[in-house]
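Hello,

Here is the structure for your files. My notes follow below it.

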Amino acid sequence: MKYKSTRGRVGLIDFQDAVIMGLGDDGGLLVPQSIPDVRGRLKHWSGLEYNDLAFEIIRLFAGDIPDADLRSIINRSYSKVVFDPAVAPVVKTGPLHVLELWHGPTLAFKDVALQMLGNLFEHILSRRGGELNILGATSGDTGSAAIYGVRGRRGIRIFIMHPAGRVSPIQERQMTTVLDENVHNIAVDGSFDDCQRIMKQIAGDVEFKRAARLGAVNSVNWARVLAQIVYFFSAAFDVQKSTGAAGVKFSVPTGNFGDVLAGWYAMKMGAPINQLILATNANDILSRFFNTGVYSTGKVYQTSSPSMDIQVASNFERYLYYKVGEDPQKLSDMMNQFGSTGSLGVPLDQQGKVDADFVAGAADEQQVLDTIAKHYRDYDYVLDPHTAVGVSTAMRLAGDDAPVICLATAHPAKFPSAIRKATGQDIGRHPAIDKLMNLPTRCLNLPGEASAVKDLIAATIGL
Ligand SMILES: *Cc1c(COP(=O)(O)O)cnc(C)c1O
């Protein structure tokens, strides 16, 4: 499989080059040249263990990695030591099937992609030599998952920006307690969108990017989307087997449109998915888009699901690219218009919909708390606030024509105050989190300007 850019000025390049490039050098996002149709393999695939299924799916997109190497990358990423007891188990709670994606080292779904990305980087560097400096921006969970994906790895340094004081104390400690020499935490004065802007500015400076050998771990990196495609297949197979249903729906809480985009690719490949339920919190640019066809930024609200407190969804461009018929010129025009006016629009179909593959809604703070409380009361199961956004939205929009699988994107222990507020009890606990508060930390504070971050990188790597 070769890769091209949504803006049309990169390509065609191999998978490993796409992984190293991260954001396209032309400012676009890298996408596979085509989406494979796997309908003929579903029957065989539905009997596979997670790692074997991951291998079958990923090899379709990563033909430049020898099979034996790819197997080893996958087995190391998804061993029982890393994900305990499994990568993506589905549990039944009341009427819902919950896909628990938080069994990795930082207790959030991003571990699934970032463990593999860390192993991919290491593999590529071991073949090509040289080093890689990763720059990332986090609204909370990406940072720690990325840090755990590459900590201690040779030839890789990681610089992670988070908005100072705007990630939860636990999220902050999950990052800043990692003291490996190759890990650099940066607290930026500003919002997450400021961090993303700085990152895009730096990544857009192609000369600096080359000189500093910068790579990306944000969900713009294609390998992350790819790793996430796997669990949409595995969970759909699991629930098909347990219910006998022909197809399933997924409810996906989203901010950057990464996870739900992986579900959409799975659907296009032929996974037995009838529809995707896209769920946002009060930062609802994506749910507004799928209901009106207009994608326009609003104010950023702080909510109890901070990893989705995002107005500009960095992965949306990939979806839009397909929506405009894979026309890079049209896509570039629309993104430029969005850049200058903060708004873009697509036409609605005859049913007045943007896309029948999606239904979309938003959950407000009260709905999130009520959903956590109800689920705990009725089914003795504690949802984290991000997961609750998806569950609340699914309850309203799913209908009853197919089983619904709700993605559980974090363990509730990462967000104890929301759990306490919803249930009145201190039940959002996990030993790995309890331990964090007594560990030493390391972090640097910088102003919200690209130049400050650039200077730090240059000084650290000796540029
Ligand atoms: C990152 C994150 C999300 C949103 O994921 P996207 O890929 O941006 O849609 C949801 N929940 C949690 C816990 C997260 O960390």
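Which residue has a polar backbone atom 3.0 Å from an oxygen atom of the ligand? That residue is Asp 259. The protein covers 97% of the 380 Å² of accessible area that the ligand has on its own (Shrake-Rupley method, 1.4 Å probe).

A word on the basis. This is a predicted model: local features need pLDDT of at least 70, side-chain atom pairs count only at pLDDT 80 or more, and totals for chains, interfaces and linings use all residues. Residues are numbered from 1 along each chain as its sequence is written, and side-chain values use heavy atoms, with hydrogens and water left out.

Back to the ligand. A backbone N or O atom of Asn 256 lies 2.7 Å from a ligand oxygen atom. For Gly 255, the distance from a backbone N or O atom to a ligand oxygen atom is 3.3 Å.

The shell has 15 residues (a heavy atom within 4 Å of the ligand). Lys 110, Asp 141, Thr 254, Asn 256 and Thr 409 come nearest. By type, five shell residues are nonpolar, seven polar and three charged (Asp, Glu, Lys and Arg count as charged; Gly counts as polar).

The ligand takes up the space of the largest cavity. A cavity here is a set of points on a 1 Å grid over the protein atoms alone, where a 1.4 Å probe fits but cannot get out.

Now the fold. The chain has 19 helices (DSSP H or I, at least four residues) and 16 strands (E, at least two). Its radius of gyration, over C-alpha atoms, is 21 Å, close to the 23 Å that the globule rule (2.2 Å times the number of residues to the power 0.38) gives for 463 residues, so the chain is as compact as a globular protein of that length.

Best wishes

Key
A polar contact is a pair of N or O atoms within 3.5 Å; within protein, one must be able to donate a hydrogen and the other to accept it, and residues adjacent in sequence count only if both atoms are side-chain atoms. On a 1 Å grid over the protein atoms alone, a cavity is a set of points where a 1.4 Å probe fits but cannot get out, and a pocket is an open set with protein on both sides within 12 Å along at least five of seven lines; lining residues have an atom within 4 Å of a point. A molecule sits in a cavity or pocket if more than half of its atoms lie within 2 Å of its grid points.
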